[in-house]
Structures are given as structure tokens and as C-alpha cells.
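Here's a friendly walk through one protein model. Have a look at it first, then read on.

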Amino acid sequence: PELATTFLEQPLDNPLMNAAGVWCTLAAQLDALVESSAGAAVTKSCTLSRRDGNPEPRYRALPLGSINSMGLPNEGHVYYLDYAACHDYERKPLFVSVSGLSLDDNLTIVAALREAVLPAFLELNLSCPNVEGKPQPGYDFEAMDQFLAEVATAYRRPFGVKLPPYFDFVHFDNAAEILNRYDNLAFITCINSIGNGLVIDTESESTVIRPKDGFGGLGGDYVLPTALANVNAFHRRCPGKTIIGCGGVSTGEHVFQHLLAGATLVQVGTALHEEGPSIFDRLQKELRELMAKKGYTRIEDFRGRLKTL
Ligand SMILES: O=C(O)c1[nH]c(=O)[nH]c(=O)c1Cl
């Protein structure tokens, strides 16, 4: 079976890539992703200036996934624009994730990305749940609409957004109605971590991460059904846009389910953090085996064809 696919008319060897934030904060990590069999790569969400992020421990792997409150540690936007300027786009696409701490910061970063005239794809992160005192724009529809109106106008080129998970059909409807207003908003990445979960260590009777009294974003097995729901909800509501699935992927079967739900590309976070970039070989092998068993030769044979009862 063939895993080749296209994204915004760009050819990719396969639909797999990292989730922003995982294995992508430093150039050496990004180089490892470019060397890996991933079909594409995305940079750590950047802010205007470099940030240390939250005090450690701020990430914890768990039997069923992960919890994190990293606090947007990153090298600042210029570092990632420089990386994007040196990337070989013939090899695989590169996405630049932007998560400015204010609308003005986002506009400054987006303007710099536009000035650089690079083939990189902008993924505007509206869903970081871990910066104290900063409510995430994805849960404030007025703010989200304002951010998008200004960024869409300033950037003028095709871009995408990284959304938090929603859990209510009215929220799916309201968010989709906003996204559909922007013609150059070309793709939607669902989902970011499920924000502000709390993991307790019974033996020590304590939280397991330091920031925010132990509250942090959940990833891994915990979030797969929510991720699939958000992928399918926006696939149904935004027919003109491309969906990138993210959340709960650790096997080829999970990749298959995201594609069936309507995703075009599939991002891997927690499982990549734990297994490393060789995971992309395993996931492709498992996906090919599953496709062969089902008699599919290409991804378009089943992508978006989830049946209902
Ligand atoms: O704490 C983080 O850096 C972080 N952690 C997440 O789980 N999602 C995000 O978008 C970000 Cl920006």
C-alpha cells in the first residue's frame, strides 16, 4: 500500500509528522525529524522572545499518556525563522508554530514570517493551556475571531490554526462558523492537549508536575476519542478546509482512525516524546499492514469515509 499524500497541493511521502512542542524546540531535534521518515515537521510554538518556561518537573509520562505544563519554553521566533530559512523544502514540508503572548506579538511574528517569504506553513497556536494568567484564545470566541481577522489580513497567505478540544456541539458550531469566515485559513489542527487535568501520585499523595499546583495538559491514550471527535466535527463543518489530526496516536491503527475521521495529516506528540523519531517507521509499517488487510492501496481509498450506524 502507498502512503504518499498531498497537503495544500504539496506532495508528502506519508501523512505523519510531530505535534508542535515535541522533539522540535532545538535545531538538533528538528534535524532529527527531518532525517527521520516523518512526512513533515513542525517547530515548537514560538513567542516573540526566548522563554525558559515553567519550573520543573513540568512533563510526566504516564501509563495512559502524559501531563505537561511546559509554559512555552522556546528560543524565540527569530531562531525558528532562521531554521525555516535553512530548511530543504524539497525534502519535506516544514510548519512553523506561532503562539505569541498577545495579538501584537502574534502580528509581529507573522509579519516577520511573511517578510521571509518561505515555503513554510504557519500553524497559529490558539490553544496553549499552560501560561499562567493567559486564557487560551481558543476558548474565547470573541478573541479568537479578532486574532484571526488580524492575522488573516496581515499574513494574506494560506495558514492554519491549532485548536483546543471542544466538548459541546454548540462550541463546534461556533468555532467552525468563525473559521469558515477566513478564506486563507486553509487548515485546522485538532487537538491540542486536554487542558488542566490533574494527575496524583498515590504513594507520595502529591501532584506529579510543579507548575499550577499540578494542573496540566493531558496527552496520549487519554485523549484519542476526544481528538477523533474534534477531527470529525471540523471535517464535517469546514468542508473547504484541510484537517490535521493530533491526539492519542501511538499505533498505525490510531493513524488509520484519524484518517478515517477526516484528517489529511496526522501529528504524534506523547508517543513521539517517549519513543523518539523511529516511531515514524513503526507507525508507517503498522498502517501499511492494516491497509493491506483491508484491501486498501492508497489513503484516499478510505480517508474521511467514517461510517455511522
Ligand atoms: O506548555 C506548553 O508549552 C504547551 N503545552 C501544550 O500541551 N500545548 C501547547 O500548545 C503548549 Cl505551548
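What follows covers a strand and its neighbours, then the ligand, then a residue in a loop.

This is a predicted model, in which local features need pLDDT of at least 70 and side-chain atom pairs count only at pLDDT 80 or more, while totals for chains, interfaces and linings use all residues. Residues are numbered from 1 along each chain as its sequence is written, and side-chain values use heavy atoms, with hydrogens and water left out.

**Strand E15**

Let's start with E15, which spans residues 242-246 and is mostly covered, with five of its five residues buried. (Buried means under 20% relative accessible area, exposed over 50%, and partly exposed in between, using a 1.4 Å probe and protein chains only. Strands, E, are DSSP runs of at least two residues and helices, H or I, of at least four, numbered from the N terminus.) On one side of E15 you'll find Thr242, Ile244 and Cys246, and on the other Ile243 and Gly245, all of them buried.

Which strands does E15 pair with? Strand E10 (residues 185-190) runs parallel to E15 and is joined to it by four bridges, and Cys190 has Gly245 as its bridge partner in E15. Strand E16 (residues 265-268) is also parallel to E15, with three bridges between them; here Ile244 is partnered with Leu265. For strands to count as paired, DSSP has to find at least two bridges between them.

There's a helix in this story too: E15, helix H7 (residues 252-260) and E16 form a right-handed β-α-β unit. Right-handed means that, with the strands pointing away from the viewer, the path from the first strand over the helix to the second runs clockwise.

**The ligand**

Of the 13 residues around the ligand (a heavy atom within 4 Å), Lys44, Asn68, Leu72, Asn192 and Ser193 come nearest. Here are some polar contacts, meaning pairs of N or O atoms within 3.5 Å:

| Residue, N or O atom | Ligand atom | Distance |
|---|---|---|
| Met70, backbone | oxygen | 3.1 Å |
| Asn125, side chain | oxygen | 2.9 Å |
| Asn192, side chain | nitrogen | 2.8 Å |

On its own the ligand has 310 Å² of accessible area, and the protein covers 92% of that. (Areas come from the Shrake-Rupley method with a 1.4 Å probe.)

**Asp213**

Asp213 sits in the loop between strand E13 (206-207) and strand E14 (215-219). Why does Asp213 count as exposed? Because its relative accessibility is 64%. Asp213 still touches Leu198 and Thr207, leaving aside residues up to four places away in sequence; contact means heavy atoms within 4.5 Å.

Key:
A polar contact is a pair of N or O atoms within 3.5 Å; within protein, one must be able to donate a hydrogen and the other to accept it, and residues adjacent in sequence count only if both atoms are side-chain atoms.
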